[in-house]
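Q: Could you walk me through how to read the packing of a helical fold, one feature at a time?

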Amino acid sequence: GRCYALLNKDFNLCARTFLQGVEYEPDSWIFWSEAGDAMFELRNYTECIQCYEQCNLINPDDSHAFCMLALCYLHLQQTPRAIQIMQETVKFGKNVSKNDQQRVQWFSTQLQKIGHVQSGKQFENFA
């Protein structure tokens with residue numbers, strides 16, 4: 001998110017910066033979410049999951065963290081868990097940002113490509 005442009009897309013620095021922020025404010029869901037976003041860009045999905053799960057514990061209304069969690073699990077080839085979490089994401093309905101709506105569409109396409117046609121179709125028309 002917000003930090004990347006300021007730090008010239010240095011995602012390692014972004015991740016470190018937000019994780020340092022978490023040390024000072026462990027209940028800051030924004031720090032956890034931003035650290036997760038940086039970890040995602042670094043394709044460090046295991047640590048990314050930890051960040052988004054912590055974010056969801058603090059702020060269970062953050063649809064972005066749910067959406068990104070689903071994508072992490074999909075990248076780790078844990079498809080049933082990814083589907084389960086994406087189902088939680090779509091429950092947010094119109095409160096899901098345009099960017100995350102596009103991620104849901106991408107998720108749907110990827111599920112269908114790997115043979116989960118029926119599961120993918122349930123997310124096709126989400127927006």
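Q: Let's start with the core: which residues have the most contacts inside the largest nonpolar core?

A: The general idea is that in soluble globular proteins, nonpolar side chains tend to be buried together. Keep in mind that this model is predicted. Its largest nonpolar core has 36 residues, and those with the most contacts inside it are Phe40, Tyr52, Cys72, Met86, Phe107 and Phe123. Two or more residues come from each of helix 2 (11–24), helix 3, helix 4 (45–58), helix 5 (63–75), helix 6 and helix 7 (98–113). Helix 5 gives the most, with 10 residues.

Q: What is Phe107 in contact with, leaving aside its neighbours within four places in sequence?

A: Phe107 touches Ala70, Leu71, Leu74, Ala82, Ile83, Met86 and Phe123. Two of these partners, Met86 and Phe123, are themselves listed among the residues with the most contacts inside the core.

Q: How many residues of helix 5 are buried?

A: Here 12 of the 13 are buried, so helix 5 is largely enclosed by the rest of the structure. The buried set runs from Ser63 to Leu74 and includes His64 as well as Phe66, Leu69 and Cys72. These buried residues pack against helix 3, helix 4, helix 6 and helix 7. As for its length, helix 5 reaches 19 Å from its first C-alpha to its last, close to the 18 Å expected at 1.5 Å a residue.

Q: At what angle do helix 5 and helix 6 pack?

A: In general, two packed helices are described by the angle between their axes and the distance between the axes. For helix 5 and helix 6 the angle is about 165°, and the axes are 8 Å apart. An angle over 145 degrees counts as roughly antiparallel, and these two helices are therefore roughly antiparallel to each other. The crossing of helix 5 and helix 6 is left-handed. On the helix 5 side, the residues that meet helix 6 include Phe66, Ala70 and Leu74, while the helix 6 side includes Ala82, Ile85 and Met86.

Q: And which residues of helix 6 are buried?

A: They are Thr79, Ala82, Ile83, Ile85, Met86 and Thr89. Helix 6 packs through these buried residues against helix 5, helix 7 and helix 8 (117–121). The 12 residues of helix 6 should span 16 Å at 1.5 Å a residue, and its end C-alpha atoms are 16 Å apart, which agrees.

Q: Is Thr89 buried or exposed?

A: Thr89 has 0% relative accessibility, so it counts as buried. Its place is in helix 6 (residues 79–90). Leaving aside neighbours within four places in sequence, Thr89 is in contact with Ser63, Phe66, Cys67, Val96 and Val104.

Q: Now for the backbone: where is Gln77, whose phi is positive?

A: Gln77 has a positive phi of about 60° although it is not a glycine. Look for Gln77 in the loop between helix 5 and helix 6. With 71% relative accessibility, Gln77 counts as exposed.

Q: What is the phi of Arg43?

A: Arg43 also takes a positive phi of about 60° without being a glycine. Arg43 is found in the loop between helix 3 and helix 4, and it is exposed, with a relative accessible area of 64%. In helix 3, by contrast, the buried residues include Trp32, Met39 and Phe40.

Terms used. Residues are numbered from 1 along each chain as its sequence is written. This is a predicted model: local features need pLDDT of at least 70, side-chain atom pairs count only at pLDDT 80 or more; totals for chains, interfaces and linings use all residues. Side-chain values use heavy atoms; hydrogens and water are left out. Buried means under 20% relative accessible area, exposed over 50%, partly exposed in between (1.4 Å probe, protein chains only). Helices (H or I, at least four residues) and strands (E, at least two) are DSSP runs, numbered from the N terminus. Contact means heavy atoms within 4.5 Å. A nonpolar core is a set of buried Ala, Val, Leu, Ile, Met, Phe, Trp, Tyr and Cys residues joined through side-chain atoms within 4.5 Å. The expected span of a helix is 1.5 Å times one less than its number of residues. Axes are lines fitted to C-alpha atoms, for helices over the stretch in contact, and angles run from 0 to 180 degrees between N-to-C directions. Angles under 35 degrees count as roughly parallel, over 145 as roughly antiparallel, 65 to 115 as roughly perpendicular and the rest as oblique. A crossing is left-handed if the near helix is turned anticlockwise from the far one by less than a right angle, and right-handed if clockwise.
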